[in-house]
Amino acid sequence: MADRPDEIDRLIDLMARLPGLGPRSARRAVLHLVKKRAVLLLPLAEAMRKVGEAVHECAVCGNVTTADACEICTDPVRANGEICVVEDVADLWAMERGGAFRGRYHVLGGTLSALDSVGPEDLRIPELVERVGREGISEVILALNATVDGQTTAHYIVDELAETGIRLSSLAQGVPIGGELDYLDDGTISAALKARRGL
């Protein structure tokens, strides 16, 4: 646009590509950054440069790290024979926030999707199968989203690991803590009913 420098238009365009930001939100964010240039824009640019240069995928699990292997993969206490399989790094971080899982992870990098032409070779499924044999894994926990693609991916992994004899499990699905039945969708209520347990 004629009323803005090309550099600002380029920054707005790049910001608008971020999840949760559209063109309008990107314009507001960029304007705020420009106004707070010394305390926000320049430190943010430097931090992004450092992350861009230093951070890469963990060679073992697919987490993000600055070393060859992430802290989770190199922690001997977490080598307990359990691997939790997640779709992406955001899911790994969510599991870590909960603090309940003390094993290791495997990030697939997405889910199988015929519509998006994502097949097993596009994900880190072969690496998972290889890890299970190499690391003496006793249980694989599938923590994939309860979507059609997530469940398709879970079934594919179960088939791939069927001959290994290891324990395969998935996260329970159903009513969240503090959830009210009236506000839940039909699929969640159905899953909760099927996963019921004795008291």
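Select helix H5 (residues 89–98): this helix lies across S3 and S4 and runs at about 160° to S4. Here helices (H or I, at least four residues) and strands (E, at least two) are DSSP runs numbered from the N terminus. "Across" rests on contact, that is, heavy atoms within 4.5 Å. Axes are lines fitted to C-alpha atoms, for helices over the stretch in contact, and angles run from 0 to 180 degrees between N-to-C directions.

The model is predicted: local features need pLDDT of at least 70 and side-chain atom pairs count only at pLDDT 80 or more, while totals for chains, interfaces and linings use all residues. Residues are numbered from 1 along each chain as its sequence is written, and side-chain values use heavy atoms, with hydrogens and water left out.

Four strands form an open, parallel sheet in the order S4-S3-S5-S6, where pairing requires at least two DSSP bridges between two strands. At the edges are S4 (104–107) and S6 (167–170), each pairing on one side only. Neighbouring strands are turned by 25° against each other on average, direction ignored. Within the sheet, select S3 (residues 82–86) and S5 (residues 139–142), which run parallel and are joined by four bridges. Valine 85 has leucine 142 in S5 as its bridge partner.

Move to helices H2 (residues 23–35) and H3 (residues 37–54), which pack at about 115° with their axes 6 Å apart. H2 is therefore roughly perpendicular to H3 (the class for 65 to 115 degrees). On the H2 side, select His32, Leu33, Val34 and Lys35, which meet Arg37, Leu40, Leu41 and Leu44 in H3. The residues of this contact comprise five nonpolar, one polar and two charged.

Finish at the largest pocket, with a volume of about 570 Å³. A pocket is an open set of points on a 1 Å grid over the protein atoms alone, where a 1.4 Å probe fits, with protein on both sides within 12 Å along at least five of seven lines; lining residues have an atom within 4 Å of a point. The volume is the space filled by probe spheres set on the points. Among the 23 lining residues, the closest to the centre are Leu144, Ala146, Gln151, Leu171 and Gln173. H8 gives the most to this lining, with five residues.

Conventions
Angles under 35 degrees count as roughly parallel, over 145 as roughly antiparallel, 65 to 115 as roughly perpendicular and the rest as oblique. Ala, Val, Leu, Ile, Met, Phe, Trp, Tyr, Cys and Pro count as nonpolar, Asp, Glu, Lys and Arg as charged, and the others, Gly among them, as polar.
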